[in-house]
Amino acid sequence: MEKTAPILITGAKGFIGKNLAAELANRGFAELMLFDIDTDPALLEQYAARAAFVFHLAGVNRPTDPAEFYTGNRGFTEHLLTLLAAAGNTCPVTVTSSAQAALDNDYGRSKREAEELVFAHSESTGAPVFVFRLPGVFGKWCRPNYNSVVATFCHNAANGLPLQVRDPAYALPLVYIDDVVRCLLDTMEGLALCDRSARPICRVHPVYETTLGFLADTISSFAENRTKLGVADMADPLVSALYSTWLSYLPADAFSYPLKMNCDARGSFTEFLRTANAGQVSVNISRPGIVKGNHWHHSKNEKFLVVSGRGVIRFRKLNTDEIIEYHVSGEKLEVVDIPTGYTHNIENLGDTDMVTVMWANEPFDPDKPDTYFLPV
């Protein structure tokens, strides 16, 4: 679709709407017609007449009166489709419904009735339609203490509040907002995954099957990792998405956290990150003329990267006399591997502090340090 095509988004200020609008802007769509509950109602008729594509995301899910389910979900959908038909606009319409549309409650019935209107609109006008029945959606900008347990858990954990879990084994499916937006945008390219029924339902993928207990434990661990220097399992896509979500709920005065600096006359050594499977990252600061190291390892291995200052890293293989030197500088970033079986040191040759980022293949264990003093 042309980037100049006008795109109508209803529910544009909602959780999904804000994320979708941001990504459409990222992709270069220049004219987004954003409609929400506080938009001048008269504008909807103009938008419906001009739209080249409609994302209908508006709806009601927590009303004070159940009758509002029907006016907000079925009723508003009918109004939008009527305006499109009256304008002779047969542009594609993508709609977010709910997995509860399969259930017999007011919310589910109102969503199912809205779906039926959308399919009837397609049958009568020929407009392509795409209906997504969404399970629980989580991600940045979702309102806590409303209708997302992930948003509530992330908000509480980020603000030092308790997480309440009535049934840790309670199972629930979830989809991540970035995946929702991607799949919604796929409908613009004809790439949506939909079933083959007469009135097809499209799906977001992947869907994460999880439990309340796992969510609570995982989200709580993110805050704990700041003091333990741990890193979440980013190889797990659900954990990675949860971590990105949790970060978005941090208070503005809590983006940073202190590290313990081990300081002496030579400079300092500070652990930055400790991981279960990918080793440890530390920052070493050496004063001018200072030599650090003079030790070797059986299996522990490291990578040194001098990012400021200049110095030399020296090596000597055990039971030999040859000394190998690598001159390093923040002016030319290069990684130096520290092989096993070589005693090694690093000396600051400059007039200012030398800063070295150090990676070790395993977190330091004082009970098994695998570090043996031996001058180079």
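Which residue in β21 is the bridge partner of Trp296?

## Pairing of β14

In this predicted model, the partner of Trp296 in β21 is Tyr372. The bridge belongs to an antiparallel pairing of β14 with strand β21, residues 372–373, which runs over two bridges.

Strand β14, residues 291–296, also pairs with strand β19, residues 342–348. This pairing is antiparallel as well and has four bridges. Within β19, His344 is the bridge partner of His295.

## Overall form

The protein chain contains eight helices and 21 strands. Its radius of gyration is 29 Å, whereas the globule rule gives 21 Å for 376 residues; the value is well over the rule, so the chain is more spread out than a compact globule. Along the principal axes, the C-alpha atoms fill a box of roughly 90 × 50 × 40 Å.

## Contacts and burial

Of the 376 residues in the protein chain, 42% are buried. Contacts between residues at least 6 apart in sequence were also sorted by separation: 73% of them join residues at least 24 apart.

## Surface and charge

The protein chain exposes about 19,300 Å². Carbon and sulfur atoms supply 54% of that area.

The chain carries 33 positive and 44 negative charges. The mean position of the positive charges and that of the negative charges lie 2 Å apart.

Notes: Residues numbered from 1 in each chain as written. Predicted model: local features only at pLDDT ≥ 70, side-chain atom pairs only at ≥ 80, totals over all residues. Heavy atoms only, no water. Pairing = 2+ DSSP bridges. Rg over C-alpha atoms; globule rule 2.2 N^0.38 Å. Buried < 20%, exposed > 50% of the residue type's maximum accessible area, 1.4 Å probe, protein only. Contact = heavy atoms within 4.5 Å. Areas by Shrake-Rupley, 256 points an atom, 1.4 Å probe, with all protein chains shown as cover. Lys, Arg positive; Asp, Glu negative; His and termini not counted. Charge placed at Lys NZ, Arg CZ, Asp CG, Glu CD.
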